[in-house]
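Dear colleague,

Please find the structure below, together with its sequence.

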Amino acid sequence: MRVGALEIHPVHDGWARMPATDLLRFTGGRDDPWLPHEEFLEADGNIRLSLGGFLVRTGDRVVLIDAGAGRIDNDVYHGGQFLESLAALDLGPDDVTDVVFTHLHFDHVGWSTQQGTVVFPRATFRCHGEDWDHFVAGPNPEAGSVRKLSPLADRLEPFDGDTTVAPGITVRHAPGHTPGSAVIVVADGTERALLLGDVVHCPVELMENEWEAVVDVDPALARRTREALAKELEGSDVPIAAAHFPGLRFGRLLAGTGQRHWSFD
Ligand SMILES: [Zn+2]
């Protein structure tokens with residue numbers, strides 16, 4: 001995806017597949033909530049998610065947005081291709097100068113460390129401070145996150161509001177899915193694109209307000225955040241991608257009568 005002079009590359013790590021009802025629930029009245037959205041499901045009712053991240057080169061910076069799920073292969077998650085995908089962009093781990101996490105769930109930080117060693121040795125790591133506290137440094141950390149992320153502590157630069165982290169790359173606090181979830185705005189001149197992290201898992205959540213992600217830490221706040229984003233983006237022609245959209249593809253949210261529409265680029 002080209003944004004002015006910048007280019008956003010998907011960095012594929014793998015995929016996940018689960019019953020759609022394990023991921024999203026519909027709080028509206030419709031009997032079969034997926035009926036208008038069958039294009040997003042497989043025939044057996046499963047939903048398939050991409051795993052990975054995005055890469056932006058800006059000035060002399062090589063910036064990763066999220067770092068995949070890591071080497072994982074179980075009934076649901078299949079990751080492990082991230083470094084090969086980077087190599088296909090002619091980049092090795094040494095080339096990465098910045099890693100920005102949309103949030104700290106395991107499927108976004110998989111390649112931050114491997115066996116306790118930082119994977120991108122020259123990189124500065126960034127996430128919202130509220131996520132660092134929630135998952136790692138606060139009173140009730142998650143053991144897996146502590147193990148995975150503690151080696152980053154001395155090269156972490158947490159942010160606590162909306163801020164520009166590299167030329168053309170701005171983080172916006174978008175809490176609810178996790179306390180420190182962030183949306184990444186990539187902008188150059190009058191053009192911009194948005195990376196939504198897990199504020200949205202599937203475009204249906206932008207099309208209708210009544211969807212909730214089962215894993216949202218604060219469902220009510222997540223819903224307010226999502227609704228505000230959808231209102232801002234509908235009809236704007238701004239390209240949007242999220243961390244798990246199929247193929248890590250971009251699309252646009254179109255204004256419709258009664259219901260918004262989604263169109264992949
Ligand atoms: Zn995720």
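A residue is called buried if 20 or more other C-beta atoms lie within 10 Å of its own, exposed if 12 or fewer do, and partly exposed in between, with C-beta atoms placed from the backbone. This is a predicted model, in which local features need pLDDT of at least 70 and side-chain atom pairs count only at pLDDT 80 or more, while totals for chains, interfaces and linings use all residues. Numbering starts from 1 along each chain as its sequence is written.

Leucine 248 counts as buried because it has 23 C-beta neighbours inside 10 Å. Its place is the loop between strand 17 and strand 18 (251–254); helices (H or I, at least four residues) and strands (E, at least two) are DSSP runs, numbered from the N terminus. The phi of leucine 248 is near 55 degrees, a positive value in a residue other than glycine. Aspartate 90 also has a positive phi, near 65 degrees. That residue lies in the loop between helix 2 (82–87) and strand 8, and it counts as exposed because it has 7 C-beta neighbours inside 10 Å. Most residues other than glycine have a negative phi.

Contact means that the C-beta atoms of two residues, placed from the backbone, lie within 7 Å. Leaving aside neighbours within four places in sequence, the contacts of valine 99 include Leu64, Ser112 and Phe125.

Tryptophan 111 is situated in the loop between strand 8 (98–100) and strand 9 (113–114). It is buried, since 27 other C-beta atoms lie within 10 Å. Not counting residues up to four places away in sequence, tryptophan 111 touches Ala67, Gly68, Gly70, Phe82 and Val119.

Valine 238 belongs to the loop between helix 6 (219–233) and strand 17 (240–241). With 18 other C-beta atoms within 10 Å, valine 238 is partly exposed. Under the exclusion of residues up to four places away in sequence, valine 238 touches Arg192, Ala193, Leu194 and Leu233.

Finally, helix 3 (residues 129–137) has as its buried residues Glu130, Asp131, Trp132, His134, Phe135 and Val136. These pack against helix 4 (143–149).

With kind regards
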